[in-house]
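Work through the exercises below with the model open. Each task is followed by a solution in steps.

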Amino acid sequence: MRTVHLKAQSTGEMVLPHVHWCSSFLCKLRGLQFRQSLRPGEALLLVEDRDSVMLTAIHMFFVNFDLGVVWINAAGRVVDKVRARPWRPSYAPREPARYVLETDPAFLDRVNIGDVWILEDAATGSAL
């Protein structure tokens, strides 16, 4: 599985060092369902082809723990965030997004709507 880094555009500071890239239909379908927990620092980035509210809506069926969910548009701007609870039918961003970051809920304290992030390939360091 491809790994990416999230960096703050304004400072270059590493926001999350190890994010699993999830762009295939099967990867997005499974997401974090049936897991008992996340490992420390673990994050999943669900990737769509374009900004959309509908394509980036998520459900929490078969997810047994809270998630910190952050929606990011194609320009890298955080457009919404939420603490997603287990077994809820739907969460959708307030604005269109291309990426859905799912991670530990404590991460939400470090995120502000309007933050701009850069996605980098972990292997090459090149921007995506």
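Glu42 is buried, with a relative accessible area of 9%. The model is a predicted one, and the exercises start from this residue.

**Exercise 1. Describe the setting of Glu42 and its side-chain partner.**

Step 1. Glu42 belongs to the loop between α1 and β3.

Step 2. Apply the accessibility cut-off. Buried means under 20% relative accessible area. Glu42 has 9%, and therefore counts as buried.

Step 3. Look for a polar partner. The side chain of Glu42 makes a polar contact of 2.8 Å with the side chain of Arg35.

Step 4. List the neighbours, leaving out residues up to four places away in sequence. Glu42 then touches His20, Arg35, Glu102, Thr103 and Asp104.

**Exercise 2. Is Asp109 buried or exposed, and how far apart are the C-alpha atoms of Asp109 and Phe65?**

Step 1. Locate the residue. Asp109 sits in the loop between β6 and β7 (117-121).

Step 2. Compare its accessibility with the cut-off. Exposed means over 50% relative accessible area. Asp109 is at 73%, so it counts as exposed.

Step 3. Take the distance. Asp109 and Phe65 are 44 residues apart along the chain, and 18 Å separates their C-alpha atoms.

**Exercise 3. Trace the pairing of β3, β4, β5 and β6.**

Step 1. Begin with β4 (residues 67-72) and β5 (residues 78-84). These strands are antiparallel and pair over six bridges. Within this pairing, Val69 has Val82 of β5 as its bridge partner.

Step 2. Inspect the turn. The hairpin of β4 and β5 has five residues between the strands, and Gly76 there takes a positive phi near 90°.

Step 3. Move to β4 and β6. Their pairing is antiparallel, with five bridges. Ile72 has Tyr99 in β6 as its bridge partner.

Step 4. Leu44 stands opposite Glu102 in β6. Glu102 is also one of the residues that Glu42 touches.

Step 5. Check the burial of β6. Six of its seven residues are buried, so β6 is largely enclosed by the rest of the structure.

**Exercise 4. What is the volume of the largest pocket, and which elements give two or more residues to its lining?**

Step 1. Read the volume. The largest pocket has about 350 Å³.

Step 2. Examine the lining. There are 18 lining residues, and those nearest the centre of the pocket are Lys28, Leu29, Leu46, Ala57 and Ile58.

Step 3. Assign the lining to elements. Two or more residues come from each of α1 (25-30), β3 (43-52) and β6 (97-103). The largest share, four residues, is given by α1.

Step 4. Sort the lining by class. It holds 10 nonpolar, four polar and four charged residues.

**Exercise 5. Which residues line the second largest pocket, and how do they divide by class?**

Step 1. Read the volume. The second largest pocket holds about 150 Å³ of space.

Step 2. Identify the lining. It consists of Met1, His20, Cys27, Arg30, Gly31, Leu32, Arg35, Leu38, Arg39, Glu42, Ala43 and Leu44.

Step 3. Assign elements. Those that give two or more residues to this lining are α1 and β3.

Step 4. Divide by class. Six lining residues are nonpolar, two polar and four charged.

Step 5. Return to the starting residue. Glu42 and Arg35 are both among the lining residues, and their side chains form the polar contact of 2.8 Å.

Technical notes. Residues numbered from 1 in each chain as written. Predicted model: local features only at pLDDT ≥ 70, side-chain atom pairs only at ≥ 80, totals over all residues. Heavy atoms only, no water. 1 Å grid on protein atoms, 1.4 Å probe; cavity = no way out; pocket = protein on both sides within 12 Å on 5 of 7 lines; lining within 4 Å. Points joined across faces, edges and corners; volume = space filled by probe spheres on them. Nonpolar A, V, L, I, M, F, W, Y, C, P; charged D, E, K, R; others polar. Buried < 20%, exposed > 50% of the residue type's maximum accessible area, 1.4 Å probe, protein only. Polar contact = N/O pair within 3.5 Å; in protein donor to acceptor, adjacent residues only side chain to side chain. Contact = heavy atoms within 4.5 Å. Pairing = 2+ DSSP bridges.
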